[in-house]
Amino acid sequence: THYDLLTRNLRLNDAARVTALQMAVSSTDGQTEFVRVLGNTTGSHLAGSKAAPYGELQRFPVKTVSFRSLVAGVDLLKLDAEGHEQQIITSTLAEDWAHMDGLISVHDKANAYAVFEHLTDLKLHMFSQKINWQRVANRDDMPLSHHEGTLFVSHKSEMPWA
């Protein structure tokens, strides 16, 4: 559904340099189960990423592509993986972030803490909308859901727009 909307909008806007891929981003290439939330398709996700999906659900196989294979040459990314961000982010290496900044939507506490630990180990800087875009000093500074805002990740020690 979203792929069809995206490709339609790309055509309408003559965005010929954009390549849309109809697959899910994960930590590895392969195949898994996708869960479409019929009453709220923006809440759709890879199976197992949400503990208690709600509403009428449709399940079907989806091809996955590794996040790392997509980010070479990327300057800025926006990641909203509906609970799968832990698997995606913890698959990254410091070199993946050498020239890339990221805006990440964090789904819950478990994802937030795992992302914090991994990015701290990679010596990356995190800035949280939850604390008015200040640098994340500990796990409590991490946004625990989209209600608490976005996480900005960078190899830079200051936010580029601060």
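This is a predicted model: local features need pLDDT of at least 70, side-chain atom pairs count only at pLDDT 80 or more; totals for chains, interfaces and linings use all residues.
Buried means under 20% relative accessible area, exposed means over 50%, and partly exposed lies in between (1.4 Å probe, protein chains only). Residues are numbered from 1 along each chain as its sequence is written, and side-chain values use heavy atoms, with hydrogens and water left out.

Side chains of opposite charge can pair when their charged atoms come close. A salt bridge is counted when a side-chain nitrogen of Lys or Arg lies within 4 Å of a carboxyl oxygen of Asp or Glu. The whole structure contains six salt bridges, including the following.

| Salt bridge | N to O distance |
|---|---|
| Glu 82 and Lys 50 | 2.7 Å |
| Arg 68 and Asp 96 | 2.6 Å |
| Glu 148 and Lys 130 | 3.4 Å |

Glu 148 is found in the loop between strand S8 (134-135) and strand S9 (151-154), and Lys 130 in the loop between strand S7 (125-128) and S8, so their pairing ties together parts 18 residues apart in sequence. Strands (E, at least two residues) and helices (H or I, at least four) are DSSP runs numbered from the N terminus. Glu 148 is partly exposed at 29% relative accessible area, and Lys 130 is partly exposed at 33%.

Arg 68 is partly exposed at 31%, whereas Asp 96 is buried at 12%. Together with Glu 95, these two residues form a network of salt bridges.
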